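Good morning, and thank you for making time for this presentation.

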Amino acid sequence: MKAVIVIGSGMGGLATAIRLAANGHKVTVFEKNNYAGGKLSELRLNNYRFDKGPSLLTLPHLIDELTHLSKYPNPFVYNRLQTLTHYFYEDGTCIKAPANAQAFAEVLNKTLNEEVQTVTKHLQLSALYYNLTADIFLHNTLHRFKTILNFRTLKGLVNSWRLPLLNTMHQANSKRFKNEKTVQLFNRYATYNGSSPYKAPALLNIIPHLEFNLGAYLPEQGMHAITQHLVACAQHLGVAFRYNETVSNINQHQQNVSGIKSNGINYDADLVVSDVDMHVLYKRLLPPTYYPQRLLNQEKSSSAYIFYWGIKASFSQLDVHNILFSNDYQAEFKALFETQEPYSDPTIYINITSKICKADAPNGCENWFVMVNVPHNATQATISYGDKLRTWVIEKINRMLNTNIEPLIEVETVLDPFGIELQTSSFGGSLYGNSSNSKFSAFLRHANYSSKLKGLYLVGGSVHPGGGIPLSLLSGKIVSALVKEDVG
Ligand SMILES: Cc1cc2nc3c(=O)[nH]c(=O)nc-3n(C[C@H](O)[C@H](O)[C@H](O)COP(=O)(O)OP(=O)(O)OC[C@H]3O[C@@H](n4cnc5c(N)ncnc54)[C@H](O)[C@@H]3O)c2cc1C
């Protein structure tokens, strides 16, 4: 049994804590906030409840695995969504995307004149690419020769010629679909890891497979229930949680970790797992000699500006997930990743959990989570464009939903890139660590262990295999396998 300290209680930290405790290690989680979950936390404003960060759950079996490992008696309850998203375009076109692939293809045929077969083929290819790559890119470390030699990974590598590695997502989608609106709809999946469809490889077209073939889900009590459930599983295994603990240093002895320093006090450990953004880990918790300069210089994923609005009305044209598209998607991504400024006609995402979780808003009211993609905050200064952005967002919502939204906002608060960094230590408020805006970005993420400091492991959205809830949970699975290999 090893004494393990996990720094940070985000998805990666919680998943690792559960797995290592289930393997018999003594695990303590040090968390700088007075609550767990990192980006996956919640907010209450008067009688409204909001999930603060993630709103879409895919691959929920990864949470079931953790329930099973911890032997926690209460199941994690979630439901598959029958409708994925309501999409709105400026010319009045509205697409209600059913979760069923065939039904979705028929909707696109009716509204956008796409061939049913073209859409179903796209989703079948999405599944094929996912199945070819999951073992290489998602389930294993890419960084140890031994793993690469395992049969499933080798099989994936042998088949890699079948993968769309040369085109960007936009190039592939615009070749396949005849209607620009369909291209825009499928291009949007690049934003699921904070990237641009005009730069990210077409391989990211695996993402629709998660929603259409494997399913999009909402926990019965909203997304924050994921955090609550994982903390309960961890505690059931005896994991100790220490809140309000800001770790300032990873202590070492002769190239081995020996513990951490938190709030000025040293704590010993045999192994340390960092769920802290990789950038922050190297800049603040380790000496400069450890900097992986090439990785730290890579482009960051986008951030978000979120308005949490308690709305004293109900909108029948909206569902749980809604997108109000910008008119010029390419210009929007140019602003996000090249000029690095907020865009005046932004694509707006509105998430309303109270459509299903009735307790999240008073009767006849709705909890709107209104999110716009914005550049990560490279200068780390306070954000000055909030008022301007709010005006653009309100004008667009009024125009596209034919309403006057401002008088209906009963309660309001916002979260901007500066706030995201302050609350979760994610560098510049980027949502998913480094972006995937290069052909080989999947190969270029930081490994799940330090090659210079023995006993230090890395999890979470900024390292391999990537950002988002499922991949952060998978990073914990990879680290648990590495620890088993390293120390038993
Ligand atoms: C607005 C928003 C929307 C998103 N939407 C989705 C979505 O719909 N679906 C999806 O799958 N993903 C989504 N994501 C991404 C997803 O939330 C993250 O990829 C995932 O939750 C990251 O988990 P993590 O393990 O990296 O930890 P994080 O959530 O980044 O947490 C890190 C933890 O470490 C703690 N910490 C940092 N430094 C220290 C220190 N020095 N000492 C102690 N503790 C420290 C922090 O306080 C924090 O609790 C979204 C993210 C945001 C912000």
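This is a predicted model: local features need pLDDT of at least 70, side-chain atom pairs count only at pLDDT 80 or more; totals for chains, interfaces and linings use all residues.

**The nonpolar core and its surroundings**

The largest nonpolar core has 125 residues, and those with the most contacts inside it are Ala 17, Ile 18, Ala 234, Val 272 and Val 370. By nonpolar core I mean a set of buried Ala, Val, Leu, Ile, Met, Phe, Trp, Tyr and Cys residues joined through C-beta atoms within 7 Å. A residue is buried if 20 or more other C-beta atoms lie within 10 Å of its own, exposed if 12 or fewer, and partly exposed in between, with C-beta atoms placed from the backbone.

Residues are numbered from 1 along each chain as its sequence is written.

To return to the core of 125 residues, its largest share, 8 residues, comes from helix α1, residues 11-22. Helices (H or I, at least four residues) and strands (E, at least two) are DSSP runs, numbered from the N terminus.

The centres of the two domains, taken over C-alpha atoms, are separated by 28 Å. In domain 1, 17 residues are in contact with 17 residues of domain 2, contact being C-beta atoms, placed from the backbone, within 7 Å. The side of domain 1 that touches domain 2 consists of 8 nonpolar, 8 polar and 1 charged residues. Here Ala, Val, Leu, Ile, Met, Phe, Trp, Tyr, Cys and Pro count as nonpolar, Asp, Glu, Lys and Arg as charged, and the others, Gly among them, as polar.

Let me turn to the ligand. It is surrounded by 37 residues, of which Gly 8, Gly 10, Gly 12, Gly 38 and Gly 460 are the closest; the criterion is a C-beta atom, placed from the backbone, within 6 Å. Helix α1 gives the largest share of this shell, 3 residues. By class, the shell holds 14 nonpolar, 18 polar and 5 charged residues.

How values were computed
Domain bounds come from an automatic or database domain assignment. Two residues are in contact if their C-beta atoms, placed from the backbone, lie within 7 Å.
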